[in-house]
Amino acid sequence: MSTEVRSNTEVRSDTAVLSGKPLAALIQQRAQEESTLLEDEGLRPVLAVVVATDDQSTHWYVRSIERAAGRAGIGCRIIDLGHDATEQVLASVLADLSAEPTVHGIILQTPLPATVRADRLVGLIAPEKDIDGANPLSFGRLAVGQPAFAPATARAVVELLDHFQIPVAGRNVAVVGRSAVVGKPLSLLLLARDATVTVCHSKSGPLERYTQPADVVVVAAGRTGLLKGSHISPEAVVIDVGTNVLADGSLVGDVDEASVTGVAAGLSPVPGGVGSVTTALLLLHTVEAARQQSRTTLLAASTSRI
Ligand code: NAP
């Protein structure tokens, strides 16, 4: 495995850099091609992003989605409700977007105001428009192997492993983090690929107990420098999902790159790893959702004529 990984990638001190950029470009291109086909059929895919925060890095991220959508020919509506939006207002906007036929994908962007219950709100996103897998119905469907949109970051990790031909079937994968948006759905996707998955969290105790035997380690904890070279075995592949903004404004992941480099066979870094793949997948999910919704509408129309 490591030989294959290394033959396709930049190598830093014997650890291959598993960049997300080429894969993100391929996915973005697929989204663009599919949106052109839909436009030819008279359907413009549209993504709605609901925002309720003053956090500038969130606004920067949402604008980056808007720009990427524009490049792929996908409409993007940003609905900025302000940092003091109430749960009632958010609920009403999500219900309206779910019922709006010209909107095909919906993202409820975090963070949300402290006063609102995100778990209640995500249930209002119509499952067919839930392109970031936030509705518990999507999670349930994933869990039992039914079609559903997975959270884009969880899918990005699996797509990245596929892209670099890193097998997981029959291998040990340690996932550090058990959130509903990354760790848990990722563990379901990996199980579906026949990996043996160990999910770690803040109460797991010494990390190396779980990460040392792993062939692949995915870290999604939001803790700078959490995974060190001493936590992994040589030849392991490490995927960093964490995004942490340092005091100087720079972005780093959860992996201590200096100590992991030279030990791991491959490392997907932050920045430059899963982040751009996640954004591209949000667009691909939007065109897939638009395609499915147009088929459902056509089917309903033909059934009503019978
Ligand atoms: P989260 O909801 O805060 O969950 C963090 C998880 O990490 C929790 O399960 C927590 O355990 C676990 N954890 C915390 N400290 C730990 C430790 N010392 N040892 C082991 N486990 C530990 O965060 P999230 O939403 O899953 O996001 C995780 C990271 O990924 C964040 O940095 C986030 O910014 C990043 N992220 C990146 C993308 C992207 O596209 N690149 C997308 C989403 C998220 P407990 O459950 O016990 O608290």
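Pro147 is exposed, with a relative accessible area of 74%, in this predicted model. The residue belongs to the loop that joins helix H6 (136-143) to helix H7 (152-163). Its C-alpha atom lies 29 Å from that of Arg63, a residue 84 positions away in sequence.

The chain is divided into two assigned domains, domain 1 spanning residues 42-126 and domain 2 spanning residues 152-276. Their C-alpha centres are 28 Å apart. The largest nonpolar core comprises 57 residues, among which Leu161, Leu190 and Ile239 make the most contacts inside the core. Helix H11 supplies the largest share of this core, with 10 residues. Because domain 1 and domain 2 both give residues to the core, it lies between them. In soluble globular proteins, nonpolar side chains tend to be buried together.

For Arg178, an N or O atom of the side chain is 2.7 Å from a ligand oxygen atom. For Thr278, the corresponding separation between a side-chain N or O atom and an oxygen atom of the ligand is 3.2 Å. A nitrogen atom of the ligand, in turn, lies 3.3 Å from a polar side-chain atom of Arg223. Of the 920 Å² of accessible area that the ligand has on its own, the protein covers 70%.

Two further positions were examined for burial and for separation along the chain and in space. Val241 occupies the loop between strand E9 (237-240) and strand E10 (244-245). With a relative accessible area of 10%, under the 20% limit for burial, Val241 is buried. Val241 is 85 residues from Ala156 in sequence, yet the two C-alpha atoms are 9.7 Å apart. Gly183 is part of helix H8 (residues 183-192) and is likewise buried, its relative accessible area being 0%. Between Gly183 and His201, which are 18 residues apart along the chain, the C-alpha separation is 9.2 Å.

Pro111 is located in the loop between strand E5 (105-108) and helix H5 (118-122). Another cis peptide bond links Val270 to Pro271, with omega near -5°, and Pro271 falls in the loop between strand E12 (266-268) and H11.

Gln165 has a phi of about 55° and sits in the loop between H7 and strand E6 (172-176). The relative accessible area of Gln165 is 48%, and the residue is therefore partly exposed. Glu235, also not a glycine, has a positive phi of about 85°. The loop between strand E8 (216-219) and E9 holds Glu235, which is partly exposed with a relative accessible area of 38%.

Methods. Residues are numbered from 1 along each chain as its sequence is written. This is a predicted model: local features need pLDDT of at least 70, side-chain atom pairs count only at pLDDT 80 or more; totals for chains, interfaces and linings use all residues. Side-chain values use heavy atoms; hydrogens and water are left out. A polar contact is a pair of N or O atoms within 3.5 Å; within protein, one must be able to donate a hydrogen and the other to accept it, and residues adjacent in sequence count only if both atoms are side-chain atoms. Accessible areas come from the Shrake-Rupley method with a 1.4 Å probe; for residues, only the protein chains shown count as cover. Domain bounds come from an automatic or database domain assignment. A nonpolar core is a set of buried Ala, Val, Leu, Ile, Met, Phe, Trp, Tyr and Cys residues joined through side-chain atoms within 4.5 Å. Buried means under 20% relative accessible area, exposed over 50%, partly exposed in between (1.4 Å probe, protein chains only). Helices (H or I, at least four residues) and strands (E, at least two) are DSSP runs, numbered from the N terminus.
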